[in-house]
Amino acid sequence: MSSRNRASSSSENTGSRPSVSASSGSYSYPRNPTNNVQTPRATIGGFQCFGCGETGHMLSKCPRPAKRGGRGNMTEKCIMMGLRIPILSFSMKKKIVLLPSKPSEKIKAHGDNTNLLSYAKFELEIKEVETVYVLMGKETQADMEVPSAAASLISEFADVFQEELPEGLPPLHDIQHHINLEPGAMLPNKPHYRMSPTEHEELRRQVEELQSKGHIRESLSPCAVPALLIPKKDGTWRMCVDSRAINKITVRYRFPIPRLDDLLDQLSGAHEFTKLDLKSGYHQIRIRPGDEWKTTFKTREGLYEWLVMQFGLSNAPSTFMRVMNQALRPFIGKFVVVYFDDILIYSANLELHLQHIREVLCVLRREKFVAAAKKCVFMTPKVLFLGYVISGEGLQVDESKIEAVR
C-alpha cells in the first residue's frame, strides 16, 4: 500500500481530514487519538514510486523490478515526451479534483504572404506597439468638364443649380403626397431603436438640421414609427424611417411606372445628350395638408412629423412620377425622358440641343425645382443612363455592372 493510501486509511479510521500547509508546500495528517502517533509527512515536491510506494526514487529506478509497469511508467513517459497530463490539485476540506491544463491558442499563418494578417495576429501586434498608422483608400470621381455653352446656362439658371436646398418648405404643387389609411386599421406605435451614444448624437444632429430647414416639426400624433441610421459608402450616416408599419395599412396607388425598354426606344437617332439630376427630389414635394401626422417618427427625444415627402413611404415613387410627368408633359416623348429624379434630354444636333436644355430649365425654374450641378452631365455624345451607355451608335451595357461576372 502506498503512503498516500496508508495516510488515507489512517484518516478514515480517526474520522479526521488531512490539513494542507501553504507555506511548506506539504500536506500532513493529525495525530491518531488512540495511540497519539503522528502519520509520517510526505513532501509534495519529492518523488514517489508508483511501484513500491516509497519516496526518494521513481518507478524507472525502483529496486523492486517485479512491480514495474502500470500507471507510473506511463506517467513518466508522458512527462519525458512533453505531453500534457492532468494536474493533481489539492483543496482544503474538499475532494481531490483532476483539472486539465488549458490549451494555448495558436496563431494561424497565412502562408508566405506577410501582407495579410489574421485577426489574432493583428490584435497581438496592436498590443505590442504603441502607435498604429492606418491608410484608408476612397474612390473618388473626377469632376466632369462642362462645355462653355453649358457653363453659361448654369450661370444663367443659378437658382436651379444650387448647392443645397433653400431654407423653408418647397412650394405647394398641384400634386401632393396623399396618405390614405385603410378603414378600421389599428394605428402603429413602435418603440424607438436602441443605439449607441454616438449614433444617438448623430441622429439628434440630423433631426435638428431637418427641423431648421423646416422639413419636419414636433408632433403629438397617435401613431409613430422608429427612426434609424444607415451607413453610407463614404463613412457618413443617412437617417431613415422604418415606415413598414404605416405602409401596411396604406391604400396603394395604381399609377404606372414607365417601362425601361419603352424609354430607351425613344432615344433612336439622338447624338447629343444632357442628364439632369434633382437634388433630394423627394424633399421637394409637400405632404398633403392634414396627412402630416401619419408620417410621424420617434426618437429618444420625442416625436416628429414630416412636412415633405420622405423616403420609404408607400406610393412615394408614384407621387414623384406624377409630379414630373405633369411638369414636363409637353416635352416627354419628343426630347425628354423622365425616370423618377433623372431627366434625360436628347437631340439630333448641338444647336437644337441647347434650345431643348433651355426649355427644360425654364420649367424647373417655374416649378422651383433644384438640380444638383455636380451630378448633371451636359452636352455629351455618350451618357450613362439607367445602367446603359447611350450614344448615337446605340445602347451598350455598363462595364462596371458586369465586371464582377467576368
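Seven aromatic pairs are present in this structure, counted where ring centres of Phe, Tyr or Trp (its six-membered ring) lie within 6.5 Å, with planes under 30 degrees apart called stacked, over 60 edge-to-face and the rest tilted. The model is a predicted one, in which local features need pLDDT of at least 70 and side-chain atom pairs pLDDT 80 or more, while totals for chains, interfaces and linings use all residues. Residues are numbered from 1 along each chain as its sequence is written, and side-chain values use heavy atoms, without hydrogens and water.

Select F161 and F378 to see an edge-to-face pair, with 5.8 Å centre to centre and 65 degrees between the planes. F161 sits in the loop between α4 (148–156) and α5, and F378 in strand β14 (residues 377–380), so the pair ties together parts 217 residues apart in sequence; helices (H or I, at least four residues) and strands (E, at least two) are DSSP runs, numbered from the N terminus.

Next, colour the open sheet of five strands, ordered β6-β11-β10-β7-β8 with mixed pairing, where pairing requires at least two DSSP bridges between two strands. Because β6 (216–218) and β8 (237–241) stand at the edges with a single partner strand each, one side of each is left without a neighbour in the sheet. Strands β10 (residues 297–298) and β11 (residues 303–306) pair in the antiparallel sense over two bridges, and the bridge partner of F297 in β11 is Y304.

Finally, show helix α5 (residues 197–213), which lies across β6, β7 (225–231), β8, β10 and β11 and runs at about 75 degrees to β8, the angle being taken between N-to-C directions, on a scale from 0 to 180 degrees, of axes fitted to C-alpha atoms, for helices over the stretch in contact (heavy atoms within 4.5 Å).
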